[in-house]
Amino acid sequence: MKATIEAVYLPLLFLTVALLGGLRLDERVTFVPPPLFALVLGVMLFGVLVRGRVLAPDRLMSASRPSLENLNGLVVILSTFFAATQVFNLVTPEAGLPFLLFNVFLFVLLVNTLAVSPDRVSVLRSMAIITGAAFILKFIVLGAISAPGESMLKRVLYALLEGVTLGTLTQPQLHPAAGYLAFATLALFLIGLAMLPSRTRSVALIKLDE
Amino acid sequence: MEGMGDRSIRVAGLALAMVYASFIVWLYVRQPQTLAEVTGGLTATVGAYRIDQRSFDDGLDLFRREQHEASRAAFERADPAGQDARTQFYIAYSYYRSGWGRTYQDNELFKMGLGRVDKAIALAPGHRLMVDDPGLDMRSADELRAELAEGLRVDASDFNPMRVFRKRK
């Protein structure tokens with residue numbers, strides 16, 4: 001079972017996330033490679049995963065493991081990194097002020113998570129909140145602002161953002177299926193993170209001699 | 001026995017991940033638009049792609065009878081994945097002939113022609129494409145590309161009245 005998860009399920013899961021993270025549906029289908037800053041965020045997220053013991057690299061690659069197992073481990077590590085990068089490519093708006101604001105917001109959140117040295121469960125919760133918040137902002141809030149016509153949400157946002165030129169916030173109109181696809185991709189990513197070989201914080205019970 | 005099973009799973013998983021990762025890289029590099037382009041591109045990668053010869057012949061016949069829009073439809077049918085350099089060359093040539101005018105040319109058609117001839121050059125082995133067709137004045141993709149690019153360029157020669165005597169190639 002361990003071999004199946006490590007050699008088959010995890011690489012396929014994360015590679016699927018890497019594939020879908022850059023997929024953009026429009027009049028034509030395009031595959032968008034990650035911007036450079038997504039690579040930076042991907043490295044930081046990878047650091048958070050290792051520091052939070054969600055991913056234990058030594059359980060995937062070490063001198064005590066046979067070379068085939070180390071190769072499988074390397075594939076898992078690389079595919080996790082590419083999936084993390086593509087997740088940021090997916091939840092970051094395409095251009096303009098929102099692109100800048102989202103990147104700053106994600107960067108600060110990841111720096112903060114790195115600084116507090118959280119445990120595994122906290123990191124997984126934090127990942128769900130970061131990706132979920134970015135998903136809501138991009139696909140629901142910005143999607144509503146950028147959609148043609150006058151929806152209830154759009155009127156509310158106009159009222160809330162009074163004084164801000166909405167021209168700087170609007171994004172290319174999203175395909176109706178884009179949000180569903182993004183949701184499925186993020187769910188796959190979080191499932192993959194929960195399946196990664198982790199390391200629990202070790203606790204020593206010491207009995208003091210009386 | 002269990003060890004052998006694990007080893008097989010690990011080898012199969014590794015191979016599967018490699019193939020899948022290569023496929024993803026290929027998708028990002030080639031940017032296929034339709035399922036036909038995906039399957040055509042993959043078969044072309046292994047050298048198994050074939051155009052529909054009957055549609056190609058129809059297209060060629062229409063091209064020679066100066067029915068360029070109809071010829072393009074037939075050529076597109078012959079090469080739905082856009083993987084055959086020769087067919088892409090003829091499509092580009094038909095855009096050139098459709099867009100050519102004695103006093104002006106249609107820049108939109110020339111741009112589409114330029115896109116297709118660039119694709120033909122990219123697909124040709126060694127990026128060199130010669131089409132041995134006596135009905136064509138330009139038999140190499142480079143000549144066609146230069147003619148289309150020159151047509152899109154605005155320079156002093158565009159205002160030369162003698163231009164009306166130039167010949168369509």
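Predicted model: local features only at pLDDT ≥ 70, side-chain atom pairs only at ≥ 80, totals over all residues.
## Helix α5 of chain A

Start with the outside of a helix: Val104(A), Val108(A), Val111(A), Asn112(A) and Ala115(A) are exposed residues on the face of α5(A) turned away from its buried side. Residues are numbered from 1 along each chain as its sequence is written, and chains are lettered from A and ligands numbered from 1 in the order in which they are written.

Which residues of α5(A) are buried? They are Pro98(A), Phe102(A), Leu106(A), Leu110(A) and Thr113(A). Those residues sit on the same side of α5(A) because they cover an arc of only 90° around the axis; the arc is that of the directions from the helix axis to the C-beta atoms. Their cover includes α2 (36-51), α4 and α6 (120-146) of chain A. The helix itself, residues 96-116, has 21 residues and reaches 31 Å from its first C-alpha to its last, close to the 30 Å expected at 1.5 Å a residue (the expected span is 1.5 Å times one less than the number of residues). Just after α5(A), Ser117(A) takes a positive phi of about 50°.

## Chain A as a whole

Chain A has 8 helices and 2 strands. These are DSSP runs numbered from the N terminus: helices are H or I with at least four residues, and strands are E with at least two. Along the sequence, the pattern goes α-β-β-α-α-α-α-α-α-α. Of the 210 residues of chain A, 30% count as buried.

## Two helices side by side

How do α6(A) and α8(A) (residues 178-195) pack? Their angle is about 175° and their axes are 11 Å apart, with axes fitted to C-alpha atoms over the stretch in contact and angles running from 0 to 180 degrees between N-to-C directions. The two helices are therefore roughly antiparallel, the word for angles over 145 degrees.

Among the residues making this contact are Phe135(A) and Phe139(A) of α6(A), along with Phe183(A) and Leu186(A) of α8(A). By class, the contact has 12 nonpolar residues, 3 polar and no charged. Nonpolar covers Ala, Val, Leu, Ile, Met, Phe, Trp, Tyr, Cys and Pro; charged covers Asp, Glu, Lys and Arg; the others, Gly among them, are polar.

## Where A meets B

Between the chains, 20 residues of chain A are in contact with 16 residues of chain B, a contact being two C-beta atoms, placed from the backbone, within 7 Å. On the chain A side, α1 (2-21), β2 (30-31) and α4 (67-91) each supply at least two residues. α1(A) gives the most, with 9 residues. That side of chain A has 14 nonpolar, 4 polar and 2 charged residues.

## Over in chain B

Helix α4 of chain B (residues 68-78) has its own buried residues, including His68(B), Arg72(B) and Phe75(B). What covers the buried residues of α4(B) includes α3 (53-64) and α5 (85-99) of chain B.

Most residues other than glycine have a negative phi. Glu66(B), though, has a positive phi near 65°, and lies in the loop between α3 and α4 of chain B.

Technical notes:
Buried ≥ 20, exposed ≤ 12 C-beta atoms within 10 Å, placed from the backbone. Parallel < 35°, antiparallel > 145°, perpendicular 65-115°, else oblique.
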